[in-house]
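Have a look at the model first, then read on.

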Amino acid sequence: MRFPKRPWAEPFKIKVVEPLKVTSEEDRKKYIVEAGYNTFLLRSEDVYIDLLTDSGTNAMSDYQWAGMMLGDEAYAGSKNYYNLEANVQKFYGYKYLVPTHQGRGAENMLSHCLIKKGQYVPGNMYFTTTRLHQELAGGTFVDVIIDEAHNPQSDFPFKGNVSIQKFEDLIKKVGEKNVAYITIGATVNMAGGQPVSMENIKAVHALAHKHGIKVVLDATRAMENAYFIQQREAGYADKTVAEILLEFTSYSDAATMSGKKDLLVNIGGFVAVNDWDLFEELRNLVVIYEGLHTYGGLAGRDMEAMARGIEEAIQDDHIAARVNQVAYLGNLLDEYKIPMVKPYGGHAIFLDAKKFYEHIPQNQYTAQVLAAELYINSGVRTMERGIVSAGRDKDTGKEYAPALELVRLTIPRRVYTQAHLDIVAYSVAEVYENRKNVKGFKMVYEPKYLRFFQARFDKI
Ligand code: F0G
């Protein structure tokens with residue numbers, strides 16, 4: 001008897017559950033109008049399946065919850081800080097750690113320390129908060145990702161890679177002294193959760209160091225990136241995710257981290273560095289913005305949950321189930337012939353809104369419309385990742401018009417079952433079927449910073 005490939009399964013069973021609320025379509029139409037057609041402004045209790053984000057929405061394990069009871073809530077020198085420090089050193093390989101309340105706290109401080117006014121900060125596509133902190137520190141972000149990243153149809157396996165040519169051209173154009181550092185996001189959220197190869201980060205590191213430029217890793221989903229390297233890059237199939245992650249981080253000088261993703265917690269982050277002088281500066285800054293350097297805006301119990309989350313998240317069976325659950329949804333949508341970014345991302349499936357609603361131009365917020373329609377159809381909440389998220393050019397004030405106009409279906413870790421994802425796929429298919437008569441939006445309220453969080457829209 002011949003079997004197909006052995007299926008994967010979650011390496012856990014469920015001990016605590018939270019009931020879901022099902023609403024009527026009539027109610028949802030009312031709720032989305034009240035929310036200005038922005039899924040960020042919905043009340044979570046009016047959401048059925050919440051795929052807004054994988055950030056802070058993960059389910060903790062019994063081991064993590066047990067750790068919460070061991071919180072050492074001292075103002076200074078909490079033992080949970082030392083547990084976190086030990087695991088960051090062991091699994092990420094950096095020497096010095098400053099905890100922060102979440103990723104953007106780390107970005108704020110690092111940008112402040114490393115960017116001089118007028119300098120350029122190249123990166124493999126922007127991330128919203130990362131770019132804003134670089135701009136607020138006086139820097140100018142420059143996208144040096146490979147062209148394939150901007151093409152939803154390209155099936156290149158490492159669409160997160162830096163174009164070494166673009167990076168080199170920038171150094172030549174502005175001079176190495178005017179490059180503050182290079183940020184490597186792994187995986188690249190805005191490109192569709194796409195990974196960076198080991199070969200690429202190694203080449204980036206070599207070129208950067210030749211010019212005395214630091215490499216800063218955005219390690220938010222670096223474990224998922226390591227899993228893709230194991231699956232896709234020659235020479236890594238027999239290595240563990242833990243071994244791959246350590247090699248990957250060795251090609252960077254520092255990292256900012258949102259623990260709310262890979263690390264299976266609801267709050268927490270850190271900045272980790274190898275350079276003592278930089279550490280001293282960060283350790284001094286953290287007391288202004290976050291809290292003492294041994295808690296950085298977190299309770300002792302939060303640091304313990306994150307320390308333990310690192311140990312669980314790095315396991316090969318965990319990360320395989322996590323990434324394969326995302327692919328499960330991707331495969332279902334593929335059967336319905338839904339236009340989306342390929343290959344599937346590590347944390348989410350990204351629908352291609354431009355292909356979905358070919359009659360709605362990007363300046364009528366195509367992806368925002370799609371996210372609203374999905375919510376109305378089934379109560380599934382998703383997030384716009386297109387022109388609204390991209391915001392405006394800080395110098396000209398013009399709206400960016402990114403090539404990618406996407407809706408992100410983000411899978412929280414250890415939260416939903418395959419049956420939930422069956423419902424999600426069915427709902428996307430229904431919305432696709434009824435795509436013809438849907439109308440575009442105009443923006444009626446626009447906040448100054450990170451407008452996607454609080455902007456409001458109306459039907460045209
Ligand atoms: N870097 C990346 C790649 C991120 O995805 C995020 C957050 C951050 C940094 C900032 O971290 O939220 O802890 O301050 N991404 C969330 C998301 C918000 O939904 O993708 P934070």
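What follows goes from the overall build to a few spots worth a visit.

This is a predicted model, so a few ground rules apply: local features need pLDDT of at least 70, side-chain atom pairs count only at pLDDT 80 or more, and totals for chains, interfaces and linings use all residues. Residues are numbered from 1 along each chain as its sequence is written, and side-chain values use heavy atoms, with hydrogens and water left out.

**The big picture**

The protein has 16 helices and 14 strands; these are DSSP runs numbered from the N terminus, with helices (H or I) of at least four residues and strands (E) of at least two. Its radius of gyration is 21 Å, close to the 23 Å that the globule rule gives for 460 residues, so the protein is as compact as a globular protein of that length. (The radius is taken over C-alpha atoms, and the rule is 2.2 Å times the number of residues to the power 0.38.) Along the principal axes, the C-alpha trace spans about 60 × 55 × 50 Å.

Of the 460 residues, 59% are buried. Here buried means under 20% relative accessible area, exposed means over 50%, and partly exposed is in between, using a 1.4 Å probe and protein chains only. Among contacts (heavy atoms within 4.5 Å) with a separation of 6 or more, 73% link residues 24 or more positions apart.

**A buried aspartate**

Is D54 buried or exposed? D54 is buried, with a relative accessible area of 0%, and sits in the loop between strand 1 (49-50) and helix 2 (62-68). Its side chain makes polar contacts with the side chains of R221 (2.8 Å) and R322 (3.5 Å). A polar contact is a pair of N or O atoms within 3.5 Å; within protein, one must be able to donate a hydrogen and the other to accept it, and residues adjacent in sequence count only if both atoms are side-chain atoms. Leaving aside residues up to four places away in sequence, D54 also touches others, including K260, K261 and H347.

Most residues other than glycine have a negative phi, and most peptide bonds are trans. Here are some exceptions.

| Site | Feature | Angle |
|---|---|---|
| A186 to T187 | cis peptide bond | omega near -5 degrees |
| K342 to P343 | cis peptide bond | omega near -10 degrees |
| M125 | positive phi, not a glycine | about 70 degrees |
| L450 | positive phi, not a glycine | about 45 degrees |

T187 lies in the loop between strand 5 (181-185) and helix 7 (198-210). M125 is buried at 10% relative accessibility, whereas L450, at 22%, is partly exposed.
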